[in-house]
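Hello,

Here is the structure I promised to pass on. Please have it open while you read my notes.

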Amino acid sequence: MDSILAFLGSIPGWGWLLIGLLLLALYDITQKKHTIRHNFPVVGNIRYFLESFGPELRQYIVANNREELPFNRQQRAWIYSSAKQENNFQGFGTDQDITSAGYIFINPALLPLKLAPDNPNYSNPYTAPGAKVIGLFHQRRKPYHPPSIVNISGMSFGSLSATAIESLNKGAKKFGCYHNTGEGGLSPYHKFGADVVVNIGTSYFGIRDNNGNFVMEKLVKLVEENPFVRMLELKLSQGAKPGKGGVLPAAKISAEIAEIRHVEMGKDVISPASHSAFSDIPTMVAFIESMAAETGLPVGIKSAVGKLELWHELADYMLETGKGPDFITIDGGEGGTGAAPPSFADHVSLPFVYGFSKIYQIFQKRGLTSRITFIASGKLGLPESAIMAFAMGADLVNVGREAMLSIGCIQAQICHTNRCPSGVATQSKWLQSGIDPALKSERFYNYIKTLTKEILEISHAAGYEHPCQFTMEDVDLAMGDNNRIQPLCDAYGYTKDVVPFTSIADLLKIRT
């Protein structure tokens, strides 16, 4: 014992420091609770130390909680705390500039909705199915009734890591929302039980020949072998880079990704700006109808919004023929989860509110809104933004970056470099190994159920049972420094069509 004590006493102070750092590094590497600490042992702890007094540092020296973009600290804090089931309330009232242009005011009823004991939300405050059955009008063989009004937007395996995709899919399975594959195609990490929407981009990843051409037989086989695939989404463009096509840097292409997508390793994969399977509205609709006929699934389109001529042509063609997409996903220009040139991300395509309002009116004027399910995406994963989308005519909301934040994204904004420190948007085996799908799937599940719960609670405060009942008179916008507010109907020049609705209990009885 004396010799041991003597040996320990002979170790200099710097030696004890090294031993302590080594033990801390070993602990950081083996723990799975914090991705940053796992991926960056010892130094990763500095982030959490700085974060502990970050709000005070920003408040007095750098910036306030509402200044950071694309998601400010207050928004991220709400997502993080919701995902971790921590206190997501705020004290001492709002710190937002409620007179700023575009500020959202949701009008509560004098007497809020009082839930009866037999209402499904009385015992389960997280249940909110979609109000429409997708594919019903066109009599698809396999129509789909979304179990959730909030779902995961298109984010590809390749852009996101395997562990991130697995975490989202497992969380989606537990909650009951669908998971959009993104244009990268169906991967093994999308196959943990959630309903899946296969996104089909211009490169037809996974369902293409060696020259990049679409192959119907491969799509049919994919659907037959994976019965959890419930819809197909034909991506015409996306908010961050409309008319540009997707970009997957060579650094992020592994052998596994190359096999899934049917592409070569060592080269940047740049999707064409346009589809080779069709060239105009009639041939696009024919392509949609052929996929629906061969697979039996509802087929929709996803697009950003700019010029409106072809949208008018599509609506006219649908009215004339009775054919066309079963759903339309409108992606706002403020969206984006991967790589995009700043000029495109910042300036090309309309933000969601402007783009959606224009497209909805085009189909509304032709009496087509009841035939179509409108899906909204583009920074809508916060309760007030989602409510505004429903009030404008959206039937479902897709979340992308908010889902990433819920599983550990820290908004480092280096998704395009393969060096994502949180392991969410990288193909580095080391960095993504810090994501524990068992834990992170729970965090996404907690976020999505909290978001749904707050959407329902706001609906109840406004006197409604389901957010599909919101009208454009229920949401006002601040007009800026003129001390005026306007309801959405006045701001955007239309009134949303009534969505048929009886009760959530009736929606839960629908089986597809």
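Predicted model: local features only at pLDDT ≥ 70, side-chain atom pairs only at ≥ 80, totals over all residues.

Residues are numbered from 1 along each chain as its sequence is written, and side-chain values use heavy atoms, with hydrogens and water left out.

The sheet. It is open, has 3 strands and runs in the order β1-β12-β13, with antiparallel pairing. Helices (H or I, at least four residues) and strands (E, at least two) are DSSP runs, numbered from the N terminus. Two strands pair if DSSP finds at least two bridges between them. β1 (104-106) and β13 (485-487) are the edge strands; each has a single partner, so one side of each lacks a neighbour in the sheet. Neighbouring strands are turned by 30° against each other on average, direction ignored. Axes are lines fitted to C-alpha atoms, for helices over the stretch in contact, and angles run from 0 to 180 degrees between N-to-C directions. Between β12 (residues 475-478) and β13 there are 3 bridges. Ala-478 sits opposite Ile-485 of β13. Helix α15 (residues 383-392) packs on the sheet and touches β1 and β12. Contact means heavy atoms within 4.5 Å. The direction of α15 makes about 75° with that of β1.

Helix α11. It covers residues 281-295. Its buried residues (under 20% relative accessible area; exposed is over 50%, partly exposed in between; 1.4 Å probe, protein chains only) include Phe-287, Ile-288 and Glu-289. They pack against β4 (196-200), α9 (216-225), β5 (229-235), β8 (299-303) and α12 (309-321). Gly-296 follows α11, with a positive phi near 80°.

Helix α12. Trp-311, Leu-314, Ala-315 and Met-318 are buried. They share one side of α12, because they cover an arc of only 95° around the axis (taken from the directions from the helix axis to the C-beta atoms). The face turned away carries exposed Glu-309, Leu-310 and Glu-320. Among the elements covering the buried residues are α11 and β9 (327-331). Gly-322 follows α12, its phi positive and near 75°.

The cores. A nonpolar core is a set of buried Ala, Val, Leu, Ile, Met, Phe, Trp, Tyr and Cys residues joined through side-chain atoms within 4.5 Å. The largest has 118 residues; Val-229, Leu-232, Phe-363, Met-392 and Phe-444 have the most contacts inside it. A second, separate core of 8 residues includes Tyr-144 and Phe-327.

Best wishes

Technical notes. Expected span 1.5 Å × (residues − 1).
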